[in-house]
Amino acid sequence: MAPQREWLEKDFYKDLGVASDASSDEIRKAYRKLARELHPDANPNDAAAEDRFKRVSEAHSVLSDPDKRKEYDETRAAFAGGRFRGGSGFGGGGGTYTTTGGDFNIGDLFGNAGAGDSGGLGDLFGDLFGGGGGRGTRTSTASSRPRRGNDLESETTLSFRDAALGTTVSLALTSPSPCTKCHGSGAKPGTSPRVCPTCNGSGFVSRNQGAFGFSEPCQDCQGTGSRIDDPCDDCAGSGVLVRTRTINVRVPAGVEDGQRIRLAGQGEAGMRGAPSGDLYVVVHVRPDKIFTRTGNDLKVQLPLTISEMVLGATISVPTLDGTVGVKIPANTSDGRTLRVRGRGVPKRSGGAGDLLVTVKVAVPPKLDDEAVEVMKKYAEAEKASGFDPRAGWGA
């Protein structure tokens, strides 16, 4: 992953209002709360809220990704007021850096910065320390990579059946999107950005401080590596506009409550034509009055009369896409579960889970005189047969 130099000046934990050792769940909850409060739809024409919304979204996109978070923490730690020691501090493969957590070798952490590799945190240190570890200040335009857009997160709520069978939902998103006039380049149609002559396209300029050479973002191009002489009127040269768009999301069959669906390239637009981030849709599933599920198995309770359980019957049982006839064997006991194969929740690999039908005796609230007399005769016959439902019970 290309290093994010701007991380050195940003405190993502502070933006989300969480501690640096916050769990993934704490980070997700903090982001959702702030995103609802700061969303442009809830704060129309509020530039401050919109800017904060962008910062919160960027913070979440980094801290919610374990790899990005690790890289961010390591990058920030390396500049958190520690000191370099050991000879010149930067000879050969880089010196040893002392932090509150102990010593570690920069060459080990940042991928052998002097080995001639491209990308990685070695590039970052090669710039900041004026070539320490065998790398000089970069001037190639290829080294200035446009910043990818932030990942976004949205939510949708589905009925139990839609979640089980799959459906398509429409989501309205208000987020930074590529400018439709300049197609994200930032330059007025008919023109193109040019390489910044100050930094030669690197996005950084060097300066000396004592014995060290440092690089800092180029002020003439704001670190982008390019200059736009005739910016687009609509986006003022950024290549991005905040607008509301509607996208259709295909929710696969069998999605469960809390599951995240990733839509590549549907997130926040990158600056000046850089790739867009991804969109993650969190699915919430409403409970159903009839069905529950365990994995891909569908569960339903079937009320039966005493006569149906004693004599047996064939009962029509609801499924996700219709009904199925279930044969109830004679003398079925209350609580017995019958399995109907292949009538459960569809599987991604093909086929479906099973339908688990649990029978439950239903007693009428009131019987007429004739029915009462019949039940009395049944009770007498039952007793005469020697049946004792509590035989051995409590012994």
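Colleague: Why are α2 and α3 called roughly antiparallel to each other?
Modeller: Keep in mind that this is a predicted model. The axes of α2 (residues 24-38) and α3 (residues 47-63) cross at roughly 160°. An angle over 145 degrees counts as roughly antiparallel, and the two helices are therefore given that label. Their axes also come within 10 Å of each other, and the crossing in which α2 passes α3 is left-handed.

Colleague: Which residues make the contact between α2 and α3?
Modeller: From α2 they are Ile27, Tyr31, Leu34, Ala35 and Leu38. On the α3 side you will find Ala49, Arg52, Phe53, Val56, Ser57, His60 and Leu63. Sorted by class, nine residues of this contact are nonpolar, two are polar and one is charged.

Colleague: Now to the cysteines. Which residues does UniProt list for "binding site"?
Modeller: The UniProt entry, which is unreviewed, lists Cys179, Cys182, Cys232 and Cys235 under that heading.

Colleague: How do you know that they gather at one spot?
Modeller: In sequence they span 57 residues. Even so, no two of their C-alpha atoms are more than 9.0 Å apart, so the four come together in one place.

Colleague: What makes cysteine 179 count as buried?
Modeller: Buried means under 20% relative accessible area. Cysteine 179 has a relative accessibility of 1%, so it falls under that cut-off and is buried. Its place is in the loop between β5 (167-178) and β6 (194-195). Leaving aside neighbours within four places in sequence, cysteine 179 is in contact with Gly184, Cys232, Asp234, Cys235, Gly239, Val240 and Leu241.

Colleague: Stepping back, how many helices and strands does the protein have?
Modeller: The secondary structure comes to nine helices and 18 strands. Of the 395 residues in the protein, 37% are buried.

Colleague: What share of the contacts with a separation of 6 or more is between residues 24 or more positions apart?
Modeller: Those pairs account for 62% of such contacts in the protein.

Methods
Residues are numbered from 1 along each chain as its sequence is written. This is a predicted model: local features need pLDDT of at least 70, side-chain atom pairs count only at pLDDT 80 or more; totals for chains, interfaces and linings use all residues. Side-chain values use heavy atoms; hydrogens and water are left out. Axes are lines fitted to C-alpha atoms, for helices over the stretch in contact, and angles run from 0 to 180 degrees between N-to-C directions. Helices (H or I, at least four residues) and strands (E, at least two) are DSSP runs, numbered from the N terminus. Angles under 35 degrees count as roughly parallel, over 145 as roughly antiparallel, 65 to 115 as roughly perpendicular and the rest as oblique. A crossing is left-handed if the near helix is turned anticlockwise from the far one by less than a right angle, and right-handed if clockwise. Contact means heavy atoms within 4.5 Å. Ala, Val, Leu, Ile, Met, Phe, Trp, Tyr, Cys and Pro count as nonpolar, Asp, Glu, Lys and Arg as charged, and the others, Gly among them, as polar. UniProt positions are given in the numbering used here, feature names are shortened, and annotations may be inferred rather than shown by experiment. Buried means under 20% relative accessible area, exposed over 50%, partly exposed in between (1.4 Å probe, protein chains only).
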